[in-house]
Amino acid sequence: MQFLLLLPLIFAACAPLRPLGPVSETQPVPTPVATEPVHEPVPEPQARDLDPGQIINVGVGFEKDSAAIECPEQKWQFKARENLGRIEVETKGECKYGEKTYRGGWAVLSTDSGLAIINAVPIEDYLKGLVPHEIGKLKPEEIEALKAQAVAARTYAYRHIGSRKSQGFDIYADVRDQVYNGKEGEDSLANIAIMATAGLVLKYEGNTIEAYYHSTCGGKTESAEIWGQEGKPYLQPVSDSAEGRVFCELSRYMKWEEKYSRAELVEMFQKNAADARADKIFPFSKIQQISITERFPGGRVKKLAVSTDKGSFEVFGDRTRRLFTREGKFLPGLFFDISQSGDTFTITGSGYGHGIGMCQMGTRARAREGQTFEEILKVYYTGVSIEK
Ligand SMILES: [Zn+2]
């Protein structure tokens, strides 16, 4: 049956493909796991599961009708067919999908809704196409930050093998998991950091941890309770400051402000209430008050109450960012205050991203000040060990 699907074609015969840009939350500081991650449950990976040659299946794209993978020796064209399942593609060398070249091998999952394009790549090579996109291309004085990022991202990868099983792969190549662009944008310094930490992951009591990280904490990190999850002992609120100075203070998101008119908020809240999982959803035409009624131990907004002409509703934790979605962008973070003057509401906030685990901008500052990647990781992940 597969011959119907796998038609090696000559190069000129292929239709242009939709470019695959990473899905970015706002811009330009990359933030993985930008909002609440929805994963399928996977067993806690044990030490014996960590294989240095481990292959990870990365979902690098989805095509409704057709797709092409261009390899040095031939070009493969795929057409969507109902429920054909997973097709392993035998390729030699580095192949191109869309505008990007990738290391590793390929599989295509054909279902009645389209084609999932899967890059099956050894984890250490996967990291080369990831680290520079997640923390940026850094200078030699920040190499310890690159090492910390490599260890956190490797830990995340091992932990999430199998977490997207129903999609047919392990991990998304965008902010739903970690931004991965194949060979595009690889960086020699990041590659050195990856090799210098090869195989190292973060463990707590012998188990590979859930290594969330984010762009800018704004002074203090938060626990995973902002997603309504049970707290984890290694993901606790920790201070990201010393001697009265916040490590991530150079981030452009250290301080931010958003202003809204009362009328604009009525429209936004009506539109966003379901996505923000408001406890009650009803039509209203006026907003009287918006108040923060409870905060998490790290200081982020836990409950936000909105009173309207037709009654009140409430939103919880990280979903609050979605209540304020404007032009497709969530609120940068949950570390904020809200004030009101006449018909204008002003939110002043600090930080970017969910605030859980490693703060990338703080990590960079710590590296410049001489902290090692082990020291940095142990600040943000409480009580962990770093081992193979
Ligand atoms: Zn920070």
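A nonpolar core is a set of buried Ala, Val, Leu, Ile, Met, Phe, Trp, Tyr and Cys residues joined through C-beta atoms within 7 Å. The legends below describe close-up views of a predicted model.

**View 1. The largest nonpolar core of the predicted protein, which has 97 residues.** Within this core, the residues that touch the most other members are Val58, Tyr126, Val131, Ala152, Leu202 and Leu377. The element that gives the most to the core is helix α3, spanning residues 143-159, with a contribution of ten residues. Because both domain 1 (2-196) and domain 2 (256-349) give residues to this core, it lies between them. As background to this view, the protein has 388 residues, of which buried residues make up 46%, and its secondary structure consists of eight helices and 23 strands. Of the contacts in the protein that join residues at least 6 apart in sequence, 70% are between residues at least 24 apart.

**View 2. The surroundings of Ala152, one of the core residues that touch the most other members.** When neighbours within four places in sequence are left aside, Ala152 is in contact with Leu202, Ala211, Tyr213, Met358 and Leu377. Two of these partners, Leu202 and Leu377, are themselves listed with Ala152 among the residues touching the most other members of the core.

**View 3. The crossing of helices α3 and α4.** Two packed helices are described by the angle between their axes and the distance between the axes. Here the axes of α3 and helix α4 (residues 188-196) come within 8 Å and cross at roughly 60°, which means that α3 is oblique to α4. The crossing in which α3 passes α4 is right-handed. On the α3 side the contact is made by Ile143, Leu146, Lys147 and Ala150, while α4 supplies Leu189, Ala190, Ala193, Ile194 and Ala196.

**View 4. Glu205, a residue with a positive phi in the loop between β11 and β12.** Although Glu205 is not a glycine, its phi is positive, at about 45°. The loop that holds Glu205 runs between β11 (201-204) and β12 (207-208). Glu205 counts as exposed because it has 11 C-beta neighbours inside 10 Å, and the cut-off for an exposed residue is 12 or fewer.

**View 5. Glu327, a residue with a positive phi in the loop between α6 and β20.** The phi of Glu327 is near 50°, a positive value in a residue other than glycine. Glu327 is found in the loop that lies between α6 (320-323) and β20 (336-341). With 5 C-beta neighbours inside 10 Å, Glu327 therefore counts as exposed.

Note on methods:
Residues are numbered from 1 along each chain as its sequence is written. This is a predicted model: local features need pLDDT of at least 70, side-chain atom pairs count only at pLDDT 80 or more; totals for chains, interfaces and linings use all residues. A residue is buried if 20 or more other C-beta atoms lie within 10 Å of its own, exposed if 12 or fewer, and partly exposed in between; C-beta atoms are placed from the backbone. Helices (H or I, at least four residues) and strands (E, at least two) are DSSP runs, numbered from the N terminus. Domain bounds come from an automatic or database domain assignment. Two residues are in contact if their C-beta atoms, placed from the backbone, lie within 7 Å. Axes are lines fitted to C-alpha atoms, for helices over the stretch in contact, and angles run from 0 to 180 degrees between N-to-C directions. Angles under 35 degrees count as roughly parallel, over 145 as roughly antiparallel, 65 to 115 as roughly perpendicular and the rest as oblique. A crossing is left-handed if the near helix is turned anticlockwise from the far one by less than a right angle, and right-handed if clockwise.
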